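These are my notebook entries on a structure that I had not examined before. I set down what I looked up, entry by entry.

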Amino acid sequence: MNDMTPIATSPKDWETDQEVRWCPGCGDYAILKAIQRTMPQIGGTPANTVFVSGIGCSSRFPYYMETYGFHTIHGRAPAFVTGIKLANPDLDVWLVTGDGDGLSIGGNHMMHILRRNLDTQILLFNNEIYGLTKGQYSPTSREGTRSPSTPFGSVDHPAKPCAFALGSGARFVARGYDVSKNLPDVLKAAHSHKGAAFIEIFQNCIVYNADVFAEFTDKNNANSHQLWLEQGEPMLFEKGSRGISLDHDTLQLKVVDVEGGDWQNAGVIVHDVRNRAVAHMLVEMPFGPFPMALGVLYDDPHPTFESAVVAQNRELSEGRTPDLQALVSKGQTWMVEKEPREN
Amino acid sequence: MATASHEVTPQEAAAHPPAEAVVVRFAGDSGDGMQLTGGQFTLSTALAGNDLATFPDFPAEIRAPQGTLFGVSAFQINFGSTAIETAGDAPDVLVAMNPAALKTNVSALKPGGLIIADSGEFGDRNLAKAKYEANPLDDGSLAKWQLMKLDISALTLEAVKPFGLGNKEALRCKNMWTLGLALWMFDRDRQPIVDWLKAKFAKLPDIAEANIAALNAGHAYGETAELAGPMQKVSIAAAPTEPGLYRTVTGAESISLGLVAGAQLAGLKLFFGGYPITPASAILHHLARLKEFGVTTFQAEDEIAAICASIGASYAGQLGITSSSGPGIALKTEAMGLAIMTELPLVIVNSQRGGPSTGLPTKTEQSDLYQAVYGRNGDAPLPVIAARSPADAFDCAIEAVRIATTYMTPVMLLTDGYIANAAEPWKVPDMAGYAPFPVRFMTDAPGEGETFMPYARDEKLARPWAIPGTPGLMHRIGGIEKAQGTGNIDYAPENHARMTEIRRDKVLGVDVPDQDIEVGEAGGRLAIVGWGSTYGPILQAVRRARARGIDVSHIHIRHIWPLPKNLGELLRSYDRIIVPEMNTGQLKTLLRDQYLVDCRPLNKVSGQPFMIAEIEDAIANGVGDGDVPPSATQLPEPKAMNP
Ligand SMILES: Cc1ncc(C[n+]2csc(CCOP(=O)(O)OP(=O)(O)O)c2C)c(N)n1
Ligand code: SF4
Ligand SMILES: [Mg+2]
């Protein structure tokens, strides 16, 4: 069991015989394809891979992956993943969740899996809506979202998934979107990070929240509104004509124009995935005045929870033989030699 | 109660109360160390060969304001030279470390019983806090008892003077002084306590020595005071017990040990997910120290995460176990449904406490039977086992693991606050006598053109356990209804009906031993039917009644679900059935529902265990000709429940 020798697979090897039941045009299809394309590239082994999800359209995901799969209960996937990984740290465990599943009912578990830094890939499909329950607004819906439960527009402030993750102590935070050709690269980076890797994937719910991300995902908007981050590269967008810089007076990010490719002169920041302070600014960067930061925002590995647990278990069992008879006989004991009555 | 079976002789049973048994209650402020005193007194009593049962009763507050009525912590022990089944109804001796302890406990004391009071604590302030208008030690209000006033505080300070402790620290030794006196009274060896103090305060030798000096001083005080006053040395002979090695055990300990033993017998590593809650936390604490037995403990962020992580561990091939109490069990309910649906082994330990909601966190009750048997959405059956005593909990835990792994099902193990905290002598089991029940994971990959059937079934209706990492057996499970065999999602009406039946039949088919009779025989005038920790008082009450010639038998049910196959017939063989429970009648309802038998409830929901006398009264009424009249503790019962 747990034969880790990588075997060559093709995307087809990762498809199940189950009929995929998302609405036609749903962004989930593209994400499924991206993952099935990624698995062979990372040398994954189906028998050693587990997909675990909560409840929601997104959480149907495991049924379509020819791996071990566990479709659990609403919001609790992080807890199942923790038990699985502690029981068998050799498994490659992927967690699929939605904005409602992962940040509403399951927000608490999400916080704890991130702070514990359990080695897993967390894919949060953010469609800013509750898809499966027919379109109510979600914790990531923008203010004013009209939905069956907010017919006059929602009034609460949305959560920012990547800011939440970083605030919870995540050591890897990335963003991508369903139809992006770069999504497999983001997934690969997440997989090669040892620890909890959090990826927010913007996903178009064509039925209940169509095109909410079109402002940056639309072909016409991509150049001007997507900032793809690359380790060691300047934060440039709009074909290098604009960039992200730090305003030294306010200590806040600002968009600057880059003349003739001279980004140094414009003060554009070079992306360092280990810079947590900048990561905090990137995840908070308001879309509109700023582009959408995509790719690996932060990646700074740290010892993982399961390895610490295993190490402690091993250290404390070393040199001790588990003797059940001795265990039950522990403490202060006394011997009754014969029935006292027989005296 | 020693588990070693000892047949009580008629003379023993006739004794009322049993000959040579003494009940002592230590009561003091929660800061006075009464639980420690009681625990150490228990140990020395066990070492002296007495049978015993204890009842620790402490406040919910960690540090309740000093001297207040709600800050009183008490520890009762019943020990004797005969089989002891309960912590005793009324104490013979009450040690009261302050006015509040006296006030809250004295009414329970037997008429003529002995009060040992620390007069040094009966100043105006403490009297006022206990709402005494006059000092009860002086105003004659305790006349129906024997009173021993000792300035324990001053005597302790005197004894520990050479160690130069501060006043506060010195007074902390009061409990050891009191223990020394109690050891003298009952002729107990001091050495084990001295050893224990040295080990406990190994890093603080001064404190150890001061405590030992206080212990010795209390003992010496007894010796010199013997000539005068009501205090007398009592010698209690060893109780008849089966020869063998003994130790004391609390329910929390024996459950932890039983779970570890069960996992070893199944050949599995144990994963325990828990979240702190009284009185369940002790199991987490015990297991956290047993890593060399392949135990991983995980303190989760809440009870939901605790059970979900445990299910995840079971899914990945370990034995998942979770444990909680009242509100925490409620939180786990949805996940239990998933374990039922995905048919994964899991043990859920419920240390019941008074409810609903936060209820009585530190008091005992057995009011989660409905929740255990019925309390989930959908038709969601799972086996339920109830432990009757600290020692019995060991075997119950092993049984829970056996059923969970043999039938691929979650199992609920019910215990309660009383069992969890109480200590009793336990004959150390011979582990070689337990048959292993090794688990076999599915490893055979399907042949060419075949597909793996994760929902195929064996003769027990159990499905295969195929764990991630196994080549060729990749499959998907979840909470959605699935097709028989393939386990693929299947909403078809007839499939759901069939799967519901299978889940029901699998649990009903669990091999549960036939119900035996504790005392008495099949058929007759009256049966007292109990479950869980009411075992002791019922057994003792039935023995006493039978000694008086009353036709009454005691049946105690361990397997709450499924019920033993012969139970219906057995119950129908009695003219009357009374079901004493620390709830409003939950087993009663279950038995009525399953067998249409006219069970009568006897209920107590005060957070305290039954007294033997309460059950004796019910027996006396139950064999009368009229209806069972509602007793003081019995709730009005709707009429015409049964055809
Ligand atoms: C305990 C519980 N509460 C509520 C639901 C109903 N429910 C199912 S999915 C869902 C929201 C899913 O939203 P999201 O996680 O964003 O997933 P999406 O469908 O958008 O992919 C809700 C409320 C449930 N299944 N379980
Ligand atoms: S409701 Fe929305 S998210 Fe769900 S499957 Fe349909 S399009 Fe996709
Ligand atoms: Mg959603």
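**Conventions.** I worked from a predicted model, in which local features need pLDDT of at least 70 and side-chain atom pairs count only at pLDDT 80 or more, while totals for chains, interfaces and linings use all residues. Residues are numbered from 1 along each chain as its sequence is written, chains are lettered from A and ligands numbered from 1 in the order in which they are written, and side-chain values use heavy atoms, with hydrogens and water left out.

**Entry 1: chain A.** I counted 12 helices and 12 strands in chain A; these are DSSP runs numbered from the N terminus, helices being H or I with at least four residues and strands E with at least two. The C-alpha trace of this chain spans about 105 × 45 × 45 Å along its principal axes. Of its 343 residues, 54% are buried (buried is under 20% relative accessible area, exposed over 50%, partly exposed in between, with a 1.4 Å probe and protein chains only). I noted that residues 24 or more positions apart account for 66% of the chain A contacts with a separation of 6 or more, a contact being heavy atoms within 4.5 Å.

**Entry 2: the magnesium ion.** Which residues coordinate the magnesium ion (ligand 3)? I found Asp99(A) through OD, Asn127(A) through OD1 and Ile129(A) through O, at 2.1 to 2.2 Å. Donors are N, O and S atoms within 2.8 Å of the metal (3.2 Å for Na, K and Ca); water is not among the atoms, so sites may look incomplete. The donor spacing in sequence is D-x27-N-x1-I. Asp99(A) belongs to helix 3 (residues 99-105) of chain A, and Ile129(A), 30 residues apart from it, to the loop between strand 4 (120-126) and helix 5 (161-167). Asp99(A) is buried at a relative accessible area of 2%, and Ile129(A) is buried with a value of 2%.

**Entry 3: ligand 1.** Ligand 1 lies between chains A and B. I listed 17 residues around it, the closest being Cys57(A), Ser58(A), Asp99(A), Asp101(A) and Gly131(A); a residue is near if one of its heavy atoms lies within 4 Å. Helix 3 of chain A gives the most to this shell, with 4 residues. An oxygen atom of ligand 1 is 2.7 Å from a side-chain N or O atom of Asp99(A).

**Entry 4: the cores.** The largest nonpolar core has 170 residues, and Leu259(B), Val529(B) and Leu591(B) have the most contacts inside it. Such a core is a set of buried Ala, Val, Leu, Ile, Met, Phe, Trp, Tyr and Cys residues joined through side-chain atoms within 4.5 Å. Its largest share, 10 residues, comes from helix 15 (residues 392-407) of chain B. Apart from this core I found another of 46 residues, among them Ile77(B) and Phe186(B). In soluble globular proteins, nonpolar side chains tend to be buried together.

**Entry 5: Asn50(B).** Is Asn50(B) buried or exposed? I recorded Asn50(B) as buried, at 2% relative accessibility. Asn50(B) sits in the loop between helix 2 (34-47) and strand 2 (51-57) of chain B.

Technical notes. Polar contact = N/O pair within 3.5 Å; in protein donor to acceptor, adjacent residues only side chain to side chain.
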